[in-house]
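Reader: Hey, I've just opened this one and I'm new to it. Can you walk me through a few spots?

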Amino acid sequence: MSEIAALIFDVDGTLADTERDGHRIAFNRAFSDAGLDWDWSVELYGKLLSVTGGKERIKFYLSDFNTQFSAPADLDGFVAGLHAAKTEHYKALMADGRIPLRTGVERLILEARKSGIPMAIATTTTMDNVTALVSSTLGEEALSWFDVIGAGDIVPNKKPAPDIFSWVLKQMDLSGSQVIVFEDSGHGVTSAADAGIDRIIVTTNDYTAQQDFSRARVVLPNLGMSADDINYVDLAYLGRV
Ligand code: XBP
Ligand code: MG
């Protein structure tokens with residue numbers, strides 16, 4: 001059995017299916033508040049997910065999908081304003097408890113906690129959004145269960161760049177070979193693998209199922225519900241990965 005010094009979790013798509021019914025809805029509400037007639041459909045949002053980060057995604061939309069829009073001179077300020085409004089909508093959606101954790105996530109987190117295995121988060125989304133999701137699903141104090149939380153603009157380059165995983169490893173004083181990462185996307189796998197992490201477990205979702213996971217150790221539909229499930233991921237399983 002290989003030693004497991006820490007578990008590092010991605011958030012969006014991995015802890016919960018936040019993209020389609022969380023982030024996408026929040027973006028659309030922010031656009032509407034700003035008097036914009038932009039509507040990101042489920043299908044369009046799938047294409048926009050090729051760029052990580054909300055601010056970066058809005059710019060990608062303007063450059064590749066809505067080229068007719070005459071953007072204000074201060075594009076960065078305009079995008080930052082929309083994104084801040086989107087974050088407020090996202091937090092409100094999470095506070096409503098609309099988005100549950102994915103199958104097996106809470107069970108595995110509780111098992112790791114009981115066994116004293118350190119946990120961390122490495123995500124592209126903002127700290128506000130991590131806080132909103134974790135407290136609405138696991139409770140207010142659950143944020144403290146994660147020794148390190150790497151989120152949003154804390155690093156210069158978002159996934160698929162390795163920055164966020166490298167940052168988390170540095171904070172934990174660990175090397176890539178000591179940890180296990182949970183991801184849902186091709187960009188996430190590239191980010192973790194380029195940070196030197198080889199034990200990457202992917203749980204796919206509707207948006208990511210067809211992506212390239214050749215650098216992941218395991219690809220599963222979810223972490224499994226009961227011990228009878230063929231894809232049941234617990235600490236004993238992780239020891240064999
Ligand atoms: C998640 C993202 C995020 C969210 C939006 O990627 O791409 O951009 O969609 O979050 P990953 P913000 O799961 O690979 O970290 O709007 O807060 O940036
Ligand atoms: Mg993700």
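Reader: Let's start with H83. Is H83 buried or exposed?

Author: Keep in mind that this is a predicted model. H83 is buried: its relative accessible area is 8%, and the cut-off for buried is under 20%.

Reader: Which helix is H83 in?

Author: H83 belongs to helix α4.

Reader: And what does H83 touch?

Author: Leaving out residues up to four places away in sequence, H83 touches F27, G54, K55, I58 and T126.

Reader: Ok, F27. Where does F27 come in when α1 meets α4?

Author: First the geometry: α1 covers residues 19-33 and α4 covers residues 75-95, and their axes come within 8 Å and cross at roughly 130°. That angle makes α1 oblique to α4. The crossing is right-handed. F27 is among the α1 residues making the contact, including D21, I25 and F31, while the α4 side includes H83, L82 and Y90.

Reader: What kinds of residues make up that contact of α1 with α4?

Author: By class, the contact of α1 with α4 has ten nonpolar, four polar and four charged residues.

Reader: You also listed G54 and I58. Which residues of α3 are buried?

Author: Helix α3 runs over residues 54-64, and its G54, R57, I58, F60, Y61 and L62 are buried.

Reader: What covers them?

Author: The cover for the buried residues of α3 includes α1, α2 (42-48) and α4.

Reader: Back to α4, then. At what angle does α4 pack with α6?

Author: About 5°, with the axes 9 Å apart; α6 spans residues 127-138. The two helices are therefore roughly parallel to each other.

Reader: Which residues make that contact between α4 and α6?

Author: From α4 there are K86, T87, Y90, K91 and M94, and from α6 there are D128, N129, A132, L133 and S136. Sorted by class, that gives four nonpolar, three polar and three charged residues.

Reader: Switching topic: what coordinates the magnesium ion (ligand 2)?

Author: D10 (OD), D12 (O) and D184 (OD) coordinate the magnesium ion (ligand 2), at 2.1 Å.

Reader: How are those donor residues spaced in sequence?

Author: The pattern for the magnesium ion (ligand 2) is D-x1-D-x171-D.

Reader: Are D10 and D12 buried or exposed?

Author: D10 is buried, with a relative accessible area of 4%. D12 is buried too, at 10%.

Technical notes:
Residues numbered from 1 in each chain as written. Chains lettered and ligands numbered in written order. Predicted model: local features only at pLDDT ≥ 70, side-chain atom pairs only at ≥ 80, totals over all residues. Heavy atoms only, no water. Donors = N, O, S within 2.8 Å, 3.2 Å for Na, K, Ca; no water. Buried < 20%, exposed > 50% of the residue type's maximum accessible area, 1.4 Å probe, protein only. Axes fitted to C-alpha atoms, helices over the stretch in contact; angles between N-to-C directions. Helix = DSSP H or I, 4+ residues; strand = E, 2+ residues; numbered from the N terminus. Parallel < 35°, antiparallel > 145°, perpendicular 65-115°, else oblique. Left-handed = near helix turned anticlockwise from the far one by under 90°. Contact = heavy atoms within 4.5 Å. Nonpolar A, V, L, I, M, F, W, Y, C, P; charged D, E, K, R; others polar.
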